[in-house]
Amino acid sequence: MAADFRPRPHAKPAGRQGTIFSVNPYASFLGDRKPREVIAETSQRLASLAERLGPDGLERSLAPGKWPARAILCHLADCETVFAFRLRQALAEPHHIIQPFDQDAWATRYASLDAEAALAVFSAVRKWNLALLDAVTPEQLSKTLHHPERGDMTFQTVIETMGGHDLNHLRQLETIASQAPR
Ligand code: NI
C-alpha cells in the first residue's frame, strides 16, 4: 500500500504535491483512467501475470532486497483487506480517521504464504469491494475522511488510491515477468 507506510520494498510512487491529487500518492499511475474501471480489471490481470510468471518467476524480484512477485501478491491481498475495512468505516463513521499500518512489518509473514491463496483472497475481497462501490451514492463519494500522514480526503480519493496502487504493483509484476530468468 506503501507510504501509509514506508515504500521501501518497492518503488516510491511519485506524489503530486500541491495539487488536489497529493492525498493519493499513486495519482501519477492512474493518470486519466477511471479508477472504477481500473480496479475492476486487476484480479484478472494478476491471475494472468501469476500464470505467466510460474513458480520460479513468482520468486523473482525487481532487484536484490526487493519483494519477490509472490510477496507483491501477498501485499495486494493484505491491502485489499485493509481497503475493505477503510471503505466501510469511511461510510459508517463521520469523518473516519484511517489507521496506517507498517507494510514491512506485515511482510515479515509473507515467506510462508503462497501466491494462489493471495490471489484468491484478493479477487474475492475485490469483488466484495466492487459490489459495495456499485451501491455508493454521489453524496457518499464526496464524504470526507482523514489520513494521519496525508491529510483530509474524500471517499472518492480512496477509490483513486486503490486504482493507482493496483497499477503501481501491476507494473512491477509486468516488469518481473518480462525479465529473463536469472
Ligand atoms: Ni503497495
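Here are legends for several close-up views of this predicted model.

**View 1. The whole protein, from end to end.** Residues are numbered from 1 along each chain as its sequence is written. In this predicted model, local features need pLDDT of at least 70 and side-chain atom pairs count only at pLDDT 80 or more, while totals for chains, interfaces and linings use all residues. Look for 7 helices and 3 strands; helices (H or I, at least four residues) and strands (E, at least two) are DSSP runs, numbered from the N terminus. Starting at the N terminus, their order is α-α-α-β-α-α-α-β-β-α. Of the 182 residues, 38% count as buried. A residue is buried if 20 or more other C-beta atoms lie within 10 Å of its own, exposed if 12 or fewer, and partly exposed in between, with C-beta atoms placed from the backbone.

**View 2. The largest nonpolar core.** A nonpolar core is a set of buried Ala, Val, Leu, Ile, Met, Phe, Trp, Tyr and Cys residues joined through C-beta atoms within 7 Å. The largest one here has 39 residues, and those with the most contacts inside it are Ala50, Leu73, Leu76 and Ala118. Helices α1 (27-30), α2 (35-57), α3 (69-92), α5 (115-134) and α7 each supply at least two of its residues. The largest share, 12 residues, comes from α3.

**View 3. The neighbours of Ala118.** Leaving out residues up to four places away in sequence, Ala118 touches Leu73, Cys74, Leu76, Ala77 and Leu113. Two residues are in contact if their C-beta atoms, placed from the backbone, lie within 7 Å.

**View 4. The open sheet.** Its 3 strands have the order β1-β2-β3, with mixed pairing; two strands pair if DSSP finds at least two bridges between them. β1 (96-97) and β3 (151-154) stand at the edges with a single partner strand each, so one side of each has no neighbour in the sheet. Strand β2 (residues 144-147) pairs with β1 in the parallel sense over 2 bridges. Here you can find Ile97 opposite His146 in β2.

View 5. Helix α7 (residues 155-178) has 24 residues and reaches 35 Å from its first C-alpha to its last, close to the 34 Å expected, which is 1.5 Å times one less than its number of residues. Because 17 of its 24 residues are buried, α7 is largely enclosed by the rest of the structure. Arg171 is found in this helix, but Arg171 is partly exposed, with 13 other C-beta atoms within 10 Å. The C-alpha atoms of Arg171 and Phe29 are separated by 9.3 Å, although these residues are 142 residues apart along the chain.
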